[in-house]
Each structure stands twice: as C-alpha cells, then as structure tokens.
Amino acid sequence: MRKKIVAGNWKMHKNAAQTKDLLNQLLSEIPAETSAHVFVAPTFINLASAVENLTHSNISVAAQNVHQAESGAFTGEISADMLKSVGVKTVILGHSERRSIFHETDALIASKVNTALVHDMTVIFCFGEELKDRQSGNHFNIVENQLRDGLFHIQAKDWEKIVLAYEPVWAIGTGETASPDQAQEMHEFIRETVRKAFGSDIAEDVSILYGGSVKPDNAKEIFSKPDVDGGLIGGAALNAKDFISIVTSI
Ligand code: PEP
C-alpha cells in the first residue's frame with residue numbers, strides 16, 4: 001500500500017548531544033495522529049542511540065549509506081549487518097551527494113541496493129537530474145536511466161522494500177524548489193516508468209517522495225499533488241519546528 005512518508009536526512013550534522021536533543025523535541029512535538037510515516041537519518045555514529053531513543057515511538061531510523069560488501073578490508077565503511085545489529089532497517093541510497101562528491105555510479109548503487117535487500121532492509125532510492133539536464137530538456141531520460149541502471153534489476157517482490165525519492169540536484173540545498181507542477185509532472189513520469197517495467201500494482205503502491213528545498217511554506221502545496229507521497233528533507237529537517245511543520249503538512 002502506498003504510504004505517506006516524510007524523511008529527514010541529517011547529512012553530516014548534529015553531534016551526540018544535539019542528536020538526542022532534536023530527537024527528544026520530535027518525540028514530544030510530532031502529533032500522534034499524523035498520517036505521515038516519519039524517518040530520521042542521523043550520522044552513522046548516532047544511529048544506535050537514535051534507535052534506542054525512538055523505541056516505542058512511531059519515528060523510524062534510517063542510515064545515510066551502506067557498503068555493498070558483507071564485510072572485509074574496507075577502512076571507514078559500514079556494512080548492512082552492522083546497521084541491522086543496532087536496529088536500523090532502512091537506508092538511503094543514491095543520494096546526489098554520494099553520486100557527485102563520492103563518485104557513486106549507478107552500478108555501485110545497484111550493488112548497494114542488492115546488499116540492502118539481502119538484509120531485508122528498506123531502501124530510500126534517490127535519483128534526479130542536474131540543472132544542465134533540465135536546461136537541455138534531457139531530464140526525463142536521465143531519470144529513466146538512473147532508475148533502470150540503479151534499481152530496475154530487482155524482482156517484483158522486492159518493491160515492497162523500495163521508496164523512491166526524486167531529488168532534482170539543482171533544488172538540493174539551494175533554496176530553489178521544483179514547482180509543485182514540475183514535481184507532479186516528473187512523479188507521474190516516474191510512476192509510468194515503473195508501470196511499464198513492473199506493472200500497475202507495483203506502480204500504484206510505490207511511494208514517491210520529492211526532495212529539494214522543501215520548507216514549511218512550500219510543503220503543503222507540493223504534497224497536495226497526486227503523485228507526490230511525501231518528502232525527503234535536508235536542511236529543514238535539522239530544526240524541530242520546521243520539520244514538524246513539514247510532517248504535519250501532509
Ligand atoms: C536532501 O539532501 O536530500 C535535500 C532534499 O536537501 P534540502 O532539503 O536541504 O534541499
């Protein structure tokens with residue numbers, strides 16, 4: 001069943017005390033009756049304490065990345081088994097910062113997807129075009145290729161573990177947002193692309209989040225679009241009041 005989801009990607013922000021502080025604010029202030037399924041993605045080092053803090057709450061914890069290998073000589077990396085061992089069941093993959101700064105290719109992201117699925121983790125799969133692609137009118141092709149090369153190798157049964165997050169790179173952290181109509185146009189295209197490859201049931205069931213400078217003052221309009229099932233939030237997720245306002249806009 002398609003779910004409404006709001007996920008906060010904290011990136012490399014918040015130390016241990018700040019993580020606890022923000023989580024406590026979210027715990028006490030997110031209304032119990034919210035219809036959104038809420039995720040937070042703190043840094044690796046704070047995941048275990050976040051899971052502990054959020055036990056018995058309706059907020060879930062996601063990691064921001066995972067290594068594709070099971071274990072081995074990969075200095076500085078974290079495996080899916082390690083994430084699962086501290087209670088993390090969801091991972092964000094393919095974020096544009098991982099693609100551009102850390103040179104993650106579609107093939108690498110595809111192998112991380114496989115690893116996450118083997119460990120029965122939910123994947124928030126991010127993708128989206130750069131400004132030059134949109135300006136040249138190539139944005140639909142880019143998005144379709146990212147889906148095909150990074151994700152469409154999975155089996156039909158795996159889709160219940162997939163959340164899509166369309167994040168136009170030109171809108172991430174820039175204050176520039178896709179208009180609600182631009183978001184809807186692309187989300188509709190994405191759903192249609194999933195439909196062609198995997199059929200209507202899967203296409204109708206998959207949640208497609210929008211990410212890119214979602215703020216309290218634009219969330220409601222973006223979330224009102226029929227193919228937008230929620231948001232992946234960066235900057236505004238670092239402030240309890242803003243994040244809660246976005247969560248309650250759904
Ligand atoms: C993100 O990093 O996924 C993101 C959407 O960031 P922001 O909301 O700051 O644009």
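**Before you start**

This is a predicted model, where local features need pLDDT of at least 70 and side-chain atom pairs count only at pLDDT 80 or more, while totals for chains, interfaces and linings use all residues. Residues are numbered from 1 along each chain as its sequence is written, and side-chain values use heavy atoms, with hydrogens and water left out.

**Stop 1**

Select β1, residues 5–9. Helices (H or I, at least four residues) and strands (E, at least two) are DSSP runs, numbered from the N terminus. In β1, five of its five residues are buried. Buried means under 20% relative accessible area, exposed means over 50%, and partly exposed is in between, with a 1.4 Å probe and protein chains only.

β1 and β2 pair in the parallel sense over five bridges; two strands pair if DSSP finds at least two bridges between them. To see where they line up, pick I5, which stands opposite H37 in β2.

Next, bring in β3, residues 59–63.

**Stop 1: the ligand**

- From the side chain of E167, an N or O atom is 2.7 Å from an oxygen atom of the ligand.
- A polar backbone atom of G234 is 2.8 Å from a ligand oxygen.
- At G235, a backbone N or O atom lies 2.8 Å from an oxygen atom of the ligand.

The ligand has 290 Å² of accessible area on its own, and the protein covers 97% of that. Accessible areas come from the Shrake-Rupley method with a 1.4 Å probe; for residues, only the protein chains shown count as cover.

**Stop 3**

K11 is in the loop between β1 and α1 (16–29). Is K11 buried or exposed? Buried, with a relative accessible area of 18%. Leaving out residues up to four places away in sequence, K11 touches A41, T43, Q64, H95, E97, I172 and G234, where contact means heavy atoms within 4.5 Å.

S213 lies in the loop between β7 (208–211) and α10 (219–223). S213 counts as buried at 8% relative accessibility, and has a positive phi of about 55 degrees although it is not a glycine.

**Stop 2: around α2**

Jump to H56, in the loop between α2 and β3. H56 has a positive phi too, about 65 degrees, and is not a glycine. H56 counts as exposed, at 83% relative accessibility.

Inside helix α2, click on A50. A50 is buried at 0%, and touches L23, P42 and V61, not counting residues up to four places away in sequence.

Then select N46, in the loop between β2 and α2 (47–53). N46 is buried, with a relative accessible area of 4%. Its side chain joins that of T19 through a polar contact of 3.3 Å. A polar contact is a pair of N or O atoms within 3.5 Å; within protein, one must be able to donate a hydrogen and the other to accept it, and residues adjacent in sequence count only if both atoms are side-chain atoms.

**Last stop: G230**

Finish at G230, in strand β8 (residues 230–233). G230 is buried, with a relative accessible area of 0%. Beyond the residues up to four places away in sequence, G230 touches I5, I208, L209, Y210, F223 and I250.
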